[in-house]
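Subject: Structure handover

Dear colleague,

Here is the structure we talked about, with the sequence alongside. My notes on what was found in it follow below.

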Amino acid sequence: MTIIEAIKIVLAEQASGMTVDQIYKNIIEKDLYTFNAKNPKGVVNGEIRRHCLNLDFPTASHIKHFYIEKTIGKKFIFKVLTDNIQETKKTAHKEIVSADILPEEKVEHVVNEYNNNVKELLIQKIMNNAPSFFEQLVVELLYKMGYGYDKSAGQVVGRSHDGGIDGIISEDKLGLDLIYIQAKRYDKGNNVGRKDLQAFVGAMEGVNKGVFFTTSKFSKEAEEYVNKIQHKSVRLVNGNKLCELMLKYGVGVQILKTYNLFKVDEDFFVN
């Protein structure tokens, strides 16, 4: 049984809907699913949010199984979609269940679905920590990506630095080639605008390279502004790209398991 199936079973038994805490508790009590994660309740929350109508974010699934009935305080009360509602609400995309799909494509789909859930959990972890944690995270990420002469080359500057620069990477030991960093920990829907980018570029006195990170997105005006800058080289990293880089370079994540995918060596069987 999958985690989605377990959540569906629990919600189907409660007509009034349930909170994430209640759903998780019922899954454990009924022994419907075995969790291997350190934060199993976070897994339940992430799967519900990714497959919930009207909760749209970069890593959300196009396949919807749940909807928000109401809110109590800061908590959502979720209910499961009926088959009829599911058919009328889902997009033109179809769930990958066709027998015509190659096995390796099915594996890739499952891996992508799993990693998308991990990316959503990463954003939640970042948002639950202090802004200074996010600043340290992006400095660590840039170092893992190969920027800086060694680990000591990156430093978090934070609020005390005039101009709002959050971090600095030295690409050489004499500090002749610097990268300035800005890190905005914004909620979904609160996009970084052109004004934020202009302030960042204005603070890059004597420095030509900069990276602007955010947990949300950049507005169209902000992206257009950066593309038109000629005297500075600024790169934008939104929440989805941030999580992709964290997975790729192993920042804040661990490899759970590695699988080998084999194919027959046709040349070996040629007489």
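Which backbone oxygen lies 2.7 Å from a polar atom of the side chain of K64? The oxygen is that of S61. Please keep in mind throughout that this is a predicted model.

K64 sits in the loop between α3 and β1. K64 has a relative accessible area of 8%, and because buried means under 20%, this lysine counts as buried. Besides the contact with S61, a polar atom of the K64 side chain has the backbone oxygen of R50 at 3.4 Å. The side chain of K64 therefore has polar contacts to the backbone of both R50 and S61, since a pair of N or O atoms has to lie within 3.5 Å to count.

The chain as a whole

The chain has 271 residues, and 38% of them are buried. DSSP runs give 9 helices and 7 strands. The C-alpha trace spans about 70 × 60 × 35 Å along its principal axes.

Strand β1 covers residues 66-72 and strand β2 covers residues 75-80. The two strands run antiparallel and are joined by 6 bridges.

What is the volume of the second largest pocket? The value is about 550 Å³. Its lining consists of 27 residues, and those nearest the centre are R49, E120, I123, Q124 and M127. By residue class, the lining holds 7 nonpolar, 12 polar and 8 charged residues.

Three helices each supply at least two residues of this lining: α3 (40-50), α5 (103-128) and α9 (239-249). Of the elements that contribute, α5 gives the most, with 8 residues.

Aromatic pairs

How many aromatic pairs does a search of the whole structure find? The search finds 6. One of them is formed by Y33 and F35, whose ring centres are 4.9 Å apart with 70 degrees between the planes, an edge-to-face arrangement. The two residues of this pair fall into separate accessibility classes: Y33 is partly exposed at 26% relative accessible area, whereas F35 counts as buried at 15%.

F212 and F218 form another edge-to-face pair, with 5.7 Å from centre to centre and 80 degrees between the planes. Both of these phenylalanines are buried. Returning to Y33 and F35, ring pairs link them with Y24 into a cluster.

Loop positions

Where does D31 lie? D31 is in the loop between α2 (20-29) and α3. D31 has a positive phi of about 55 degrees although it is not a glycine. Its relative accessibility is 62%, and as exposed means over 50%, D31 counts as exposed.

G164 belongs to the loop between β3 (154-156) and β4 (167-170). G164 is partly exposed, with a relative accessible area of 29%. From G164 to I181 there are 17 residues in sequence and 9.3 Å in space, C-alpha to C-alpha.

D172 is found in the loop between β4 and β5 (178-184). With a relative accessible area of 21%, D172 is partly exposed; the value is not under 20%, so D172 does not count as buried. D172 and A130 are 42 residues apart in sequence, and their C-alpha atoms are 30 Å apart in space.

For a first look on screen, I would begin with K64 and its contacts to R50 and S61, and then turn to the pocket residues R49, E120, I123, Q124 and M127.

Best regards

Terms used
Residues numbered from 1 in each chain as written. Heavy atoms only, no water. 1 Å grid on protein atoms, 1.4 Å probe; cavity = no way out; pocket = protein on both sides within 12 Å on 5 of 7 lines; lining within 4 Å. Points joined across faces, edges and corners; volume = space filled by probe spheres on them. Helix = DSSP H or I, 4+ residues; strand = E, 2+ residues; numbered from the N terminus. Nonpolar A, V, L, I, M, F, W, Y, C, P; charged D, E, K, R; others polar. Pairing = 2+ DSSP bridges. Buried < 20%, exposed > 50% of the residue type's maximum accessible area, 1.4 Å probe, protein only. Polar contact = N/O pair within 3.5 Å; in protein donor to acceptor, adjacent residues only side chain to side chain. Phe/Tyr/Trp six-rings, centres within 6.5 Å; stacked < 30°, edge-to-face > 60°.
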